[in-house]
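Please read the points below alongside the sequence and the coordinates. They are meant as a colleague's notes, to be checked residue by residue.

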Amino acid sequence: MIMALLNILNYPDPRLHTVAKPIKEVNADIRRLIDDMADTMYDAPGVGLAATQVNQHIQLIVIDTSKEQNKLQVFINPKILAKSGSQDYEEGCLSVPGVYESVTRAEKITVEALDKQGKLFKLEAEGLLSVCIQHEMDHLLGKVFVEYLSPLKRNRIKTKITKLLRDR
Ligand code: NI
């Protein structure tokens, strides 16, 4: 099998603020993109990736929070139907390399989405999976997790990443 690794946009790239459009048809092109996004996520390595991060502005997310990294979950056109509670979690993001900051999000969510076959499913998530789905759904709205932080912290992060990428 040939692996195709996609280029991941880095914060503060303005393209990360694009709002993703719903997917009309889950066809071969979409499934190909899912495979490439999964390869890219596992290679990074990361636990989640939104299409926005690979400059594809459609509502598609891949997640794998399993320890063995062998349980890929695909969410197409995801919608949160219910949320409850709150939790703080130290989050990272493949678009914000080397930065980990605590963010407060809902503890439990019920999400509805299409899978890789275009079939509708409903899922209740908590803990890391819940955090991850909410984090990736933010990407589809053009929002990066550092936007929950203070402007001062955010500016420090921008400077840090710009320097990191320059020195690479
Ligand atoms: Ni992210």
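The notes below take up the metal site, the pocket, the strand pairing and the salt bridges in turn.

1. The model is a predicted one, and the comments here should be read with that in mind. The nickel ion is coordinated by C93 through SG and by H135 and H139 through NE2, at 2.1 to 2.2 Å. Along the sequence these donor residues follow the spacing C-x41-H-x3-H.

2. How are the two histidines placed in helix α2? Because H135 and H139 are 4 residues apart in helix α2, about one helical turn separates them. H135 is buried, and H139 is buried as well.

3. The largest pocket holds about 670 Å³ of space. Its lining is made up of 33 residues, and those lying nearest its centre are P45, G46, G92, C93 and L94; C93 is also a donor to the nickel ion.

4. Which elements supply at least two residues each to the lining of the largest pocket? They are α1 (28-43), β4 (87-91) and α2 (127-140), and α2 gives the largest share, with 5 residues.

5. Strand β3 (residues 73-84) runs antiparallel to strand β2 (residues 60-63), to which it is joined by 4 bridges, and L60 has I76 in β3 as its bridge partner. Strand β3 is also joined to strand β6 (residues 108-114), again antiparallel, by 6 bridges; here K79 has E112 in β6 as its bridge partner.

6. A search of the whole structure finds 9 salt bridges. In one of them the side chains of R105 and D138 meet at 2.9 Å, N to O. Since R105 lies in strand β5 (residues 101-105) and D138 in helix α2, the pair ties together parts that are 33 residues apart in sequence. R105 and D138 are both buried.

7. A second salt bridge joins the side chains of K163 and D167 at 3.2 Å, N to O, and both residues lie in helix α3 (residues 151-167), 4 residues apart, about one turn of the helix. K163 is partly exposed, with a relative accessible area of 45%. D167 also meets R166 in a salt bridge, at 3.9 Å, N to O, and R166 counts as exposed at 60% relative accessibility. Elsewhere, salt bridges that share partners join E91, R105 and D138 into one network.

Key. Residues are numbered from 1 along each chain as its sequence is written. This is a predicted model: local features need pLDDT of at least 70, side-chain atom pairs count only at pLDDT 80 or more; totals for chains, interfaces and linings use all residues. Side-chain values use heavy atoms; hydrogens and water are left out. On a 1 Å grid over the protein atoms alone, a cavity is a set of points where a 1.4 Å probe fits but cannot get out, and a pocket is an open set with protein on both sides within 12 Å along at least five of seven lines; lining residues have an atom within 4 Å of a point. Grid points are joined across faces, edges and corners, and a volume is the space filled by probe spheres set on the points. Donors are N, O and S atoms within 2.8 Å of the metal (3.2 Å for Na, K and Ca); water is not among the atoms, so sites may look incomplete. Buried means under 20% relative accessible area, exposed over 50%, partly exposed in between (1.4 Å probe, protein chains only). Two strands pair if DSSP finds at least two bridges between them. A salt bridge is a side-chain nitrogen of Lys or Arg within 4 Å of a carboxyl oxygen of Asp or Glu.
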